[in-house]
Amino acid sequence: MLHLDFSDFSLVQQLAQPELSGCPRATITETAALVFSQFCEATHCFREHIDLTVTADVADYDLVSPHPDTLVVGVQMVQLNNSLQLPGNYIADAPGRITFTNGQSGNCRVTVLLKPMPTAQAAPADLLNRWAETISTGVKRRLMLMPEKPWSNPQMAGYYQDEYERDCLRIAADVRNQFSVSRTGRAEYSRSVYGV
């Protein structure tokens, strides 16, 4: 899985603008980038594969995002020589780093969780298009909490806060269950994104 098509935040800006009267477009776009970054970390929706060649004499490897302006925030799955590795065979105790503990060698595929930097100018188009409504809700929530602005509205911000958090839980559950219709519950948040 490799996200090749990136888009700016104009769709989110268009969805949020009508309820943020007087708010500059640039402010909405900057806030959309920040909210999308937080959304990716909360839902684990932005995933990519990183291929490594592992040798027995080197235990530590850096996990570098395949996209500019994105950060690795965790490890979702590790396969070594096409065999699924369980935590314990590897340790991912810091973003962007993985340590192999079993002394094996071979080809490794690490599925990493990514998030755009809060200052990113673009994000994967498929993710933005799919969840633009939720991202715009998060943007409205954040901007309406700004004091003494023409678009300030703390009461509506509270409403959007609840809606945004509910959507994030639902989306995280969908992502965790791989969009299966036989979902049996909410997303589990007790597990660290570092795989430990």
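## A tour from a loop to a helix pair

Start by selecting His-44, which is partly exposed with a relative accessible area of 23% (buried means under 20%, exposed over 50%, partly exposed in between, with a 1.4 Å probe and protein chains only). You're looking at a predicted model, where local features need pLDDT of at least 70, side-chain atom pairs count only at pLDDT 80 or more, and totals for chains, interfaces and linings use all residues. Residues are numbered from 1 along each chain as its sequence is written, and side-chain values use heavy atoms, with hydrogens and water left out.

Stay on His-44 for a moment: its phi is positive, about 60°, although it is not a glycine. You'll find His-44 in the loop between α2 (25-43) and β2 (47-54). Helices (H or I, at least four residues) and strands (E, at least two) are DSSP runs, numbered from the N terminus.

Now jump to Asn-82, in the loop between β4 (70-80) and β5 (83-85). Asn-82 isn't a glycine, yet has a positive phi of about 65°. Is Asn-82 buried or exposed? At 75% relative accessibility, it counts as exposed.

Next, the cysteines. How many disulfides does the structure hold? The count is 0, a disulfide being a pair of cysteine sulfur atoms within 2.5 Å. Select Cys-45 and Cys-40: the sulfur of Cys-45 has its closest cysteine sulfur in Cys-40, 4.1 Å away, so that's too far for a bond. Cys-45 is buried, at 10% relative accessible area, and Cys-108 is buried too, at 2%.

Time for some rings. Rings of Phe, Tyr and Trp (its six-membered ring) pair if their centres lie within 6.5 Å; planes under 30 degrees apart are stacked, over 60 edge-to-face, and the rest tilted. That gives 5 aromatic pairs. Show Tyr-61 and Phe-100, an edge-to-face pair with 5.8 Å centre to centre and 70° between the planes. Tyr-61 sits in strand β3 (residues 60-62) and Phe-100 in strand β7 (residues 97-100), 39 residues apart, so to speak a link between distant parts of the chain. Both are buried. Then pick Phe-9, Phe-36, Phe-39 and Trp-131, which ring pairs link into a cluster.

Last stop: helices α4 (residues 132-144) and α5 (residues 154-176). Their axes come within 8 Å and cross at roughly 145° (axes are lines fitted to C-alpha atoms, for helices over the stretch in contact, with angles from 0 to 180 degrees between N-to-C directions).
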